[in-house]
Amino acid sequence: MSVSFSGIRLRHGVLALPFCAVLLPMPFLYGASFRVLGVPLALVWLFACLPLTTLCLALASYLAEPGANR
Amino acid sequence: MMFGAFLIVLTLALGLSFVSGRGAPGQDPKVFFAARGQFGALLFFLLSVGETYSIGSVLGFPGGIAASGSIDVALWFVGYILLAFPIGMILYPRLWRVGQRFGAITLPDLLGGYFDSRLVACVSGCVLVVLMLPLGTTQFIGLGAVFSALALPVPPVILSSLAAILAFLFVASAGLRGAALTAALKDFLILIAILTVALAALVFWSRGAPQPLATVLHGAGPHPVSSCMMIVSTILVQSLGFCIAPQTAAAVFSARGPETIRRAQIWMPLYMVLFPLLAVVAFYGLTHPTIMSHRDGIFLSVASFLLPSWLYGIVAGGVALTALVWLGVVCLSLAAIVSRSIVPHVPPDAQKRLGLLVIAVYLGLSVITASLQTTLIVTLNRLFYVGLVQLLPAVLLCVSERRVKAPRLVTALVAGLMTGAGLFFSGVPMGGLSPAIPGLAVNFLVLFQSGRPEKNIDPVSRRV
């Protein structure tokens, strides 16, 4: 019971990662004047979060495997 | 040449839709409207990423960047779609299970079944119908941009009406199954279209004395705190709203099972890699201001400037198809909502006929409203979510197996809607906060007024 409970918590933690990656740095990145090839850093970072989110979803799905269809 | 390629694309799509409709005559309305429980991971994927690449994304996203010359639109637009996927990973399988228990094919179906109340089904159905009108308008504004880019010697209203008839034929021929198969063709075309236009923009970037990107694309504006608040709150609200949109709910209920949903969900953020390419197209338009004409049409302006006419015809066909497929899916959800939740006691064999009538009326109204107003696509998109997200508390109660009395639920929903819409239209300054958030706060306050909703201890399946 406790194992599956911690599994669920871990899975939710992994799914919360994209939120942290996108929203937490937003206030700092949005104001930053640094640019990559003329594109503001906030936008570059957001695009980098696309593959990161897929990775998190894959990991969460892997963690959900046992008894997923209950 | 250009118009020929455009026509070939649309004819091909219509043919595909008809072929998929053959061999399934006299379908059950549940199968026709929602293909309930039929789709494997691939079809579910194609159907549910449909909204990711609606005309709002293909035209509205680069159009929003080019019109404002700022990254704000790009940040909230990409942010909310991206973060909707992790939420969906948790929410969709639960939604599917509750939906299965009550035999639901739409959200009002589910809410009405769960709270055992026709009032809840009817009110939530009416809310969704009202909210979906701006969405139809959005698609026809986009279609208008495609038609004006084709420069045909026919009045735009007639072209839009023809498009509406075409959208009707799409759904009438094969229901949601046809829409999902046409979505495959549309996705293939849109993938090619965005890749080609972005690649051409990069290759020919230095042609025509471009302005430096850093001078035309602004980062933080004069009020960075309120802009940042707007972006973060819009992302939060719309990522939640995205997961309970009528067309998303239809896709969820069409899946074979939770595992199908989970498997498809993993790949959706990767499918968003086309957004950086759309941003490249917007940047090209910004740095080459001479080619900008219509604000929402920047993608098509760049395509017509850079591509040979036959290829441009295919691109325009792909964009038009995007709107038509999306309209098809939304129309089917709407028809199912009206014929099952709003109009009482419609026998199953009459539901399909009533549904098609509803679709025809909806398409007609959308053509009229699109010809009347000139709001930017992205503004209509925000208005839709401000209202839609007010259904979230009810959905959360469903998936967490908690219950309140139906009148309380309806009061909370109406109070939330009035607060959100009132703040949106009055334009009261809230430091950038999305008007949906105070609406949600009021909504939850009414729901929780007499303490935490009780756990549902007797989950009996009342309707299957």
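How many residues of chain A are in contact with chain B, and how many of chain B with chain A? I began with this contact, bearing in mind that the model is predicted. I found 31 residues on chain A in contact with 34 on chain B. On chain A, the elements that give two or more residues to this side are helix H1 (2-23), helix H2 (26-31), strand E2 (39-40) and helix H3 (41-64). H3(A) supplies the largest share, 15 residues. By class I noted 23 nonpolar, seven polar and one charged residues on the side of chain A that touches chain B.

**Chain A**

I then looked at chain A by itself. It has three helices and two strands, and from the N terminus on these run α-α-β-β-α. Of its 70 residues, 29% count as buried. For contacts in chain A with a separation of 6 or more, I noted that 67% join residues 24 or more positions apart.

**Chain B**

Chain B has 464 residues, of which 57% count as buried. I listed 20 helices and two strands in chain B. Here residues 24 or more positions apart make up 84% of the contacts with a separation of 6 or more.

**H6(B) and H7(B)**

I looked up the packing of helix H6 (residues 107-114) of chain B on helix H7 (residues 118-150) of chain B. Their axes are 7 Å apart and the angle is about 160°. An angle over 145 degrees counts as roughly antiparallel, so H6(B) is roughly antiparallel to H7(B). The crossing of this pair is right-handed. From H6(B), I recorded B:Leu107, B:Pro108, B:Asp109, B:Leu111 and B:Gly112 in the contact. They meet residues of H7(B), among them B:Arg118, B:Val120, B:Ala121 and B:Leu128. The residues of this contact divide into six nonpolar, three polar and two charged.

**B:Gln139**

Further along H7 of chain B I checked B:Gln139. Is B:Gln139 buried or exposed? It counts as buried because there are 29 C-beta neighbours inside 10 Å, and the cut-off for buried is 20 or more. Leaving aside neighbours within four places in sequence, I found B:Gln139 in contact with B:Ile55, B:Ala323, B:Trp326 and B:Leu327. I also took the C-alpha separation of B:Gln139 and B:Pro212, which is 33 Å for 73 residues along the chain.

**The largest nonpolar core**

Which residues have the most contacts inside the largest nonpolar core? I noted B:Ala167, B:Val197 and B:Cys331, in a core of 178 residues. Helix H15 (residues 309-342) of chain B gives the most to this core, with 21 residues.

**H11(B) and H15(B)**

My last entry is on H15(B) and helix H11 (residues 246-254) of chain B. The two axes come within 9 Å and cross at roughly 85°. Angles of 65 to 115 degrees count as roughly perpendicular, and H11(B) and H15(B) are therefore roughly perpendicular to each other. On the H11(B) side I recorded B:Pro246, B:Gln247 and B:Ala250. They meet B:Val329, B:Val330, B:Leu332, B:Ser333, B:Leu334 and B:Ile337 in H15(B).

Note on methods:
Residues numbered from 1 in each chain as written. Chains lettered and ligands numbered in written order. Predicted model: local features only at pLDDT ≥ 70, side-chain atom pairs only at ≥ 80, totals over all residues. Helix = DSSP H or I, 4+ residues; strand = E, 2+ residues; numbered from the N terminus. Buried ≥ 20, exposed ≤ 12 C-beta atoms within 10 Å, placed from the backbone. Contact = placed C-beta atoms within 7 Å. Nonpolar A, V, L, I, M, F, W, Y, C, P; charged D, E, K, R; others polar. Axes fitted to C-alpha atoms, helices over the stretch in contact; angles between N-to-C directions. Parallel < 35°, antiparallel > 145°, perpendicular 65-115°, else oblique. Left-handed = near helix turned anticlockwise from the far one by under 90°. Core = buried A, V, L, I, M, F, W, Y, C linked by C-beta atoms within 7 Å.
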